[in-house]
Structure formats: C-alpha cells, structure tokens
Amino acid sequence: MTGLTRREMLAATAACAAAAPAFAQTPEPSLHVLAKAKGMRFGSCFAWSAPGADAGSFANPAYAALLERDCGILVPENEFKWQRVRPDPATFDVTRFADMLDYAEGKGMAMRGHTLLWHKSQFFPKWLNEYDFGPNPRAKGEKLLTGHIRTLCRLYGDRIVSFDVVNETIDEKTGLQRETSLSRAFGDADAMVDLAFHTARQHAPRAELVYNDYMSWEPGNEKHRAGVLRLLEGFRKRNVPVDALGVQSHIGIFGGSPGQAAARQEGEWRRFLDAVTAMGYKLLITEFDVNDRALPSDAKIRDAAVAAYADAYLEIMFGYPQLRDVLVWGMCDKYGWLNGFSPRADRTHQRATPFDDKFRAKPLRDVFAKRFAAAAVRV
C-alpha cells in the first residue's frame, strides 16, 4: 500500500476541486438505486447502540439516514462474532444482533452474517482459547463448532442472505492455515473449515456461503494470496460448498510521501482474481475502506488521493461480472474503525469512508457512483 505519483496526485486534486460544489449535499441518485439498476447491491457495516448514543449505529438518526438512503445490504460490524454472541460455552446472546436484523428488514435491506468462524486466536473469546477439549479433542471440537453454526443458522438462515462462514484462516506471513485451540483439537485445519461450510449448508441451504479474507493488491501480500488460492482449490477438490470469496478490500496509501510512485501489483491482482473466478467462485467486496495514514493533513489532498486510489482498485474489481455485492466498512469517517486501529499522527479522523465526520458526501462516494453507473448489468 504505497503512495500515488505526483501526476496522479495533482490530477486527482484538480478533479476533487472541480467537483467540490456537487458534494455540498448528498448527490442523487442514491448508491442503492445505482447498484440495483445493475443487478448489484451497495451496503455497509453498522453497529448496535442504545438510542441517542454517538455511534455508527442504526439507533443514531444521523448515521441511520446514511444507511437508509444509500444501502441495500448491511452487515454487523461486531455483533455476530463469537466474542459477542458466545459469552461462555453454554450460552448464546443474540439480543443485539436480533435488534439489528429487525431494523434492516424493517427498512427493506438485506443482511449478511459476519462471521460464523473467525479463525484467529486473538479474536476468540477468552474461554475458547482456554477451553479443555478433554481426552477426545476432535469429537469435542466438532461438537463445539457444529453446535455454534447450527444454532445461528437455524435461527437466521432464512433471514441472512450471505454468511462469512470462515474468516481469515490463512496466515498472511506463511500462506498456511493458522493454528488455534480449535484447529489443534481437530488436528487437521482443512477438516475444521470443511466442516464449518458443510454445517452451514445443511442448516442454511439457501444462503450464500463465503470465505472472507484481507489478501490485497499491494506488495507483501504474495504469500497471503497464494495461500488463499490453495485453500480455494482445496475446497473445490473436496467438494466443499463454498460459493464466493469475500475480498475485504482494506486498501490504503502507506509508506512514504504522496508523490512516491505507486507500487500496487495490478497485474498480480488481476491474475489472482482470474484464478479465483476460473474456479467458479463469485466475488464480494465485504469491508472496503482506504487508509490515509501516510497522507498530509489537508483534507482536500487526502480526499483526492483516497478517491484516485479507490477508483483504480474499483475499476479492476467492477470489471468482474462475478462481483455483485459491494460493502464499505463504515459510511462515516467519525465512526471508522481505523481511527483506533491505525490512528493518524495528527489525530484527525481518517478520511477512509464515503462521508466525512459531519455526514457530508466526499469524492469517494462519487467514485462508487461512477463505478456503479459504468458497470455492466449482472445477469
């Protein structure tokens, strides 16, 4: 994730300045309307909060207005993950997620389920990392995993259109599957992830089943991309019911000045996507944002650079007819997860999402509008 060339930066800044009056108010038509016209959907993550809380939540009227205007599909940011729904091995707490699902359905929006297995120890609940699998760990691991997926799919399999069944099982440093308490219990990570998908298919037969990961187009992702391809190839060889690859798309401009030559690996990225789609997988953009940590403080420069970088990436992604759903990881800079995960040195909000911290549309939103308008109709 590197910077733009000086020529790209100047061109993008000029374009941003020329377009500035159009962003004084949210432009028409909505992204939902533009996407739907092409057989696609645009959406976002969102959160649960108490009414009146200052959060990226459906209970925040200002944030809800963004969701209801531009989105046709939503995904819970955290409230469907093990940490939130499994306070202990014997308990499910889905009260927050149920509120979110009721809201989405009430507004006519589809819902994704993220995620049935986030296979990364640091995001397991504490009890799962310390779980005693006993003298027959494989059987105990199978019971625990299938019980979790079966319960959630029976509850929501007819209401959730797409599940991230397994999330981030490939270690980006090695290209191999991660080792966790659960995979050690199975003794075979392939058997673990295969069982997750088979269980989801059994109990949510009409839902789209997705493998979701953050491999990307920047240098340093070679092992990650190769590992994901091996995983997807293995699914096909073993007849595992995986419908699509979720491409998280947490892209960004890192490592130097804005004038530094871009080093994104566009050719390698296209070859990766070609290989994925050649195996018959669909594509989703599941968690899009653009990290602007390395850019200067000036908002116009940052917005222009983010828009130009996003446009280059989305041009590639939208060129694949297998792509239908496009979700950003937050609609508004004020509540973006990057503000805590990857804070800027100047302590300003990252300008990573389609709307700024005052809920005003930015050039990034215009990029999405342009890409949906230019996209081929999905059939």
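The salt bridges of the predicted structure number 29 in total. One of them joins the side chains of K282 and E208, with a nitrogen-to-oxygen distance of 3.2 Å. K282 belongs to strand β8, which spans residues 282-291, and E208 to strand β5, which spans residues 208-213; the pair therefore ties together parts of the chain that lie 74 residues apart in sequence. The two partners of this bridge can also be described by their accessibility. K282 is partly exposed, with a relative accessibility of 35%, whereas E208 has a relative accessible area of 14% and is therefore buried, the limit for that class being under 20%.

A salt bridge is also formed between R302 and D292, whose closest N and O atoms are 2.8 Å apart. Here R302 is part of helix α12 (residues 299-318), while D292 is located in the loop between β8 and α12; the pair links distant parts of the chain, 10 residues apart. R302 has a relative accessibility of 2% and so counts as buried. D292 is likewise buried, with a relative accessible area of 0%.

In a further salt bridge, the side chains of D333 and K362 meet at an N to O distance of 2.7 Å. This pair, 29 residues apart, connects two loops: D333 lies in the loop between β9 (323-328) and α13 (338-341), and K362 in the loop between α13 and α14 (363-374). D333 and K362 are both buried.

Rolling a probe the size of a water molecule over the atoms shows where empty space is left. Across the whole structure, the search identified 1 cavity of 30 Å³ or more. The largest cavity holds about 40 Å³ of space. Its lining consists of D289, W329, D333, G336, W337, L338, N339, Q350, A352 and T353. Classified by residue type, the lining of the largest cavity comprises 4 nonpolar, 4 polar and 2 charged residues.

How values were computed
Residues are numbered from 1 along each chain as its sequence is written. This is a predicted model: local features need pLDDT of at least 70, side-chain atom pairs count only at pLDDT 80 or more; totals for chains, interfaces and linings use all residues. Side-chain values use heavy atoms; hydrogens and water are left out. A salt bridge is a side-chain nitrogen of Lys or Arg within 4 Å of a carboxyl oxygen of Asp or Glu. Helices (H or I, at least four residues) and strands (E, at least two) are DSSP runs, numbered from the N terminus. Buried means under 20% relative accessible area, exposed over 50%, partly exposed in between (1.4 Å probe, protein chains only). On a 1 Å grid over the protein atoms alone, a cavity is a set of points where a 1.4 Å probe fits but cannot get out, and a pocket is an open set with protein on both sides within 12 Å along at least five of seven lines; lining residues have an atom within 4 Å of a point. Grid points are joined across faces, edges and corners, and a volume is the space filled by probe spheres set on the points. Ala, Val, Leu, Ile, Met, Phe, Trp, Tyr, Cys and Pro count as nonpolar, Asp, Glu, Lys and Arg as charged, and the others, Gly among them, as polar.
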